[in-house]
Amino acid sequence: LEQQLKKNNIQGKWLDIEITEHVLIHDIEQCVSVLSDIKKLGVTISIDDFGTGYSSLNYLKRLPIDTLKIDRSFVQECSDIDEDREICSAIIHLASVMGLSVVAEGVETESQASTLIELGCHVFQGYYFYKPLPLARVEMLLAKHNGPSLTELKPISLN
């Protein structure tokens, strides 16, 4: 990863590594070590689909992570089903207490977004905001919002 960042002249801050919970259970000590090395490169680390796998608060407090991503299975019904709303609330609160960011995945309706905002989540992914876009449209959006240039976001091959 370090070689590829250098080779492609990309700062680590422009890269976020997403890992799923099930990856963590195989060898927590090795995961902590590897993720710590990745963090030293400036790369952020997110746990994807949080709450759907083998969530362990002990592991969570030991891992050098930046973000928890609420799985869309909880987000889909968060405005209609109390249990899903409470799970989202608990994840948002847990992230806040631990000093982590939180991202809600699969936001597809205004009602879901409103509920999540009310619960304290302010970063979302999902079709409510944008469906997959062609490259030209992404370039236009990045330019409009003064985001990173595409040279900073260019795809790289890890071969």
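Q: Which residues do ring pairs link into a cluster?
A: This is a predicted model, in which local features need pLDDT of at least 70 and side-chain atom pairs count only at pLDDT 80 or more, while totals for chains, interfaces and linings use all residues. Residues are numbered from 1 along each chain as its sequence is written, and side-chain values use heavy atoms, with hydrogens and water left out. Rings of Phe, Tyr and Trp (its six-membered ring) pair if their centres lie within 6.5 Å; planes under 30 degrees apart count as stacked, over 60 as edge-to-face and the rest as tilted. The cluster linked by ring pairs consists of Phe124, Tyr128 and Phe129.

Q: How many aromatic pairs does the structure hold?
A: Phenylalanine 124 and phenylalanine 129 are stacked, at 5.6 Å centre to centre and 15° between the planes. Tyrosine 128 and phenylalanine 129 are edge-to-face, at 5.0 Å and 80°. The number of aromatic pairs in the structure is two.

Q: Why does phenylalanine 129 count as partly exposed?
A: Buried means under 20% relative accessible area, exposed over 50%, and partly exposed in between (1.4 Å probe, protein chains only). Phenylalanine 129 therefore counts as partly exposed, because its relative accessibility is 36%.
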